[in-house]
Amino acid sequence: MPIVEREPPKGRRESYVLPKVPVPPLKQTLDMYLTSIKHLVKEEQYQKTKSIVEKFGEPGGTGELLQEKLLEKSINTHNWVYDYWLDDMYLNQRLALPVNSNPAMVFPKQDFRDHKDSLKFAAHLITGVLEYKKHIDTRALPVDFSRGQLAGTPLCMKQYYRLFNTYRLPGLKRDTLVIHETGSTEQEHIIVACKNQFFVMDLVVKEKTLKEMDILSQLEKMVKMAENTEERQPPFGLLTSDGRTEWAQTRDVLIKDSVNRESLAVIEKCLCVVCLDDPSGMEVGDTSRALLMLHGGGHEKMGANRWYDKPMQFVVGEDGVCGTVCEHSPFEGIVLVACTEYLMKFMTGSPSKIGRATSVSELPAPRRLLWKTTPHIQGLLKASAERLQRLVRDLDMDVHKFEVYGKEFIKKQKMSPDAYIQVSLQLAFYRCNGRLVSTYESASIRRFHEGRVDNIRSATPETLAFVKAMTDEKTSLSDSEKIKRLWDAINAQTNSTIAAITGMGIDNHLLGLREISQEIHMEMPEIFTDETYVASNQFILSTSQVPTTVEMFCCYGPVVPNGYGCCYNPQADHLLFSVTSFHGSTETSSAVFIKALDEGLVEMRDLCKTSNNFVETTPKYIYIYRNISLSIYSHLPCKH
């Protein structure tokens, strides 16, 4: 049955009906799983995995039992995969949030004339946040509709309502996503970080919301207070940059003191954090700005001027380096883009109201959050600082603008820009490593109630055939064979995308089967302990398309020590890539990957231009993928 949203509050732009996430057929998922890994492992290993999978899926076997339990769960819950996915993707993970989990959105470089100018920018930004929050609280945001593949479907809006009222609380084994009631009076403040100090800005004073000039006045007072070295507190923000278990253990120590307990409670209930950064001293370019967003440059720069558990942190640097750092568990990148694009347009299209609005008289002095420390806590701070600095030194980032062509050229070839770029990433990886690996590309399933994402496994057999045609077999194959293989790869990627966004992906389904086996206290089925399954979930290439309509870009770190993180933003006349890896791995280099990516993109363009068979080939392949798409789509429940 579809889920009908509750009666919307006054101001809601539109109400609509969303279906539940479907449970894919068991045999379909098992067949797709075997297809996805066959060309990535040795034949002996594949045959072993095939035997395990066939046993799991046999009539009356373990797989059918777990599938039945999963179908029951689907009937009795709004979204059978949501909690499994949230725990597996985020809350159970023990790595530190900076680089490993938290993405960043890098704003255009600002040209501030002086320090006061940067504070005016911050005050205007906060005003925009309050305007956007008002739209959220009144459910006045226009409903999103899908674009690209299967465009025009209404999308679930619940992620927007978690932008400002959530907090990731560290736990010893599992974190908790705390969700505060929308519009709660406990959330009428923001936290401002300045010189590693944390201040409370109450947004409502004498039952009136602060005007922009009041916000600026409070920011100026906070900066002055932060410069007072006699009252300076230890850099407690560093603790949130640590591993999740380490931070949870430290938090348990902190809350034994009432002063620390009160300061933590205030931070954990704030709307957002605004970080006022000093000049970094780094040469300001795309890569350096991205690094400062992801980790702040470590404790020696701005790394302690953050609170990484809070989903929305806005950074305003005196040197014009600005952006957003996000705790990722409550929402996806596209929701972050919508929010930040609104703010950027607000900043440029809505003139500052400083000096023109009536001020709240007698503003109370800002509150500095206080901390009680001990030699033991000082030791924990030092350890956190050292671990953050190691992470900072290890991250290898390259933000690169490919300017030879952009998505308009790709669209003229009647190809999906996303599928084309995914194939180019596989070509680059093959050039660097001589093999393909398990690849993650996020696919939104927001067309379903409380839908988040599933995975598009981009390293397909068809893509392997194409990248070999462009490398190992380059001299022995004709251009017509190469373009045929390119279309095969594009269509395989397109069909994988359609399967994932329509709830027919394999990763969420396999995760659900695995987790429900533990809920019924079954011994872990062999399919999930098999080395192939374990390896297939180590995403050496982690990718995501985060397109924007204003000048900004997203970035994030790799998800495994020997992997790459690759976020891309296709624009009309250029393609922007943020590539990350770790210096500690001898298998990766962001600069080498970018070089291979550049070469492959140029060769793919040349292939498209020189292929005489291109026009005649295109209709046949479009027809093929249309039929496959309809086959996949037919598994969906009817919408009412």
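The side chains of R435 and E587 meet in a salt bridge, with 3.9 Å from N to O; a salt bridge here is a side-chain nitrogen of Lys or Arg within 4 Å of a carboxyl oxygen of Asp or Glu. R435 lies in the loop between α13 (417-433) and β15 (439-444) and E587 in the loop between β20 and α19 (590-610), so the pair ties together parts that are 152 residues apart in sequence. Helices (H or I, at least four residues) and strands (E, at least two) are DSSP runs, numbered from the N terminus.

This is a predicted model, in which local features need pLDDT of at least 70 and side-chain atom pairs count only at pLDDT 80 or more, while totals for chains, interfaces and linings use all residues. Residues are numbered from 1 along each chain as its sequence is written, and side-chain values use heavy atoms, with hydrogens and water left out.

**Salt bridges**
- The structure holds 36 salt bridges.
- D242 forms one with R387, the closest N and O atoms being 2.7 Å apart.
- D242 is buried, with a relative accessible area of 3%, whereas R387 is partly exposed at 34%; buried means under 20% relative accessible area, exposed over 50%, and partly exposed in between (1.4 Å probe, protein chains only).
- R94, R168, D175, R244, D309 and E327 are linked in a network of salt bridges.

**Residue N305**
- N305 is found in the loop between α9 (286-295) and β11 (312-317).
- At 1% relative accessibility, N305 is buried.

**Strand β14**
- Six of the eight residues of β14 (residues 395-402) are buried.
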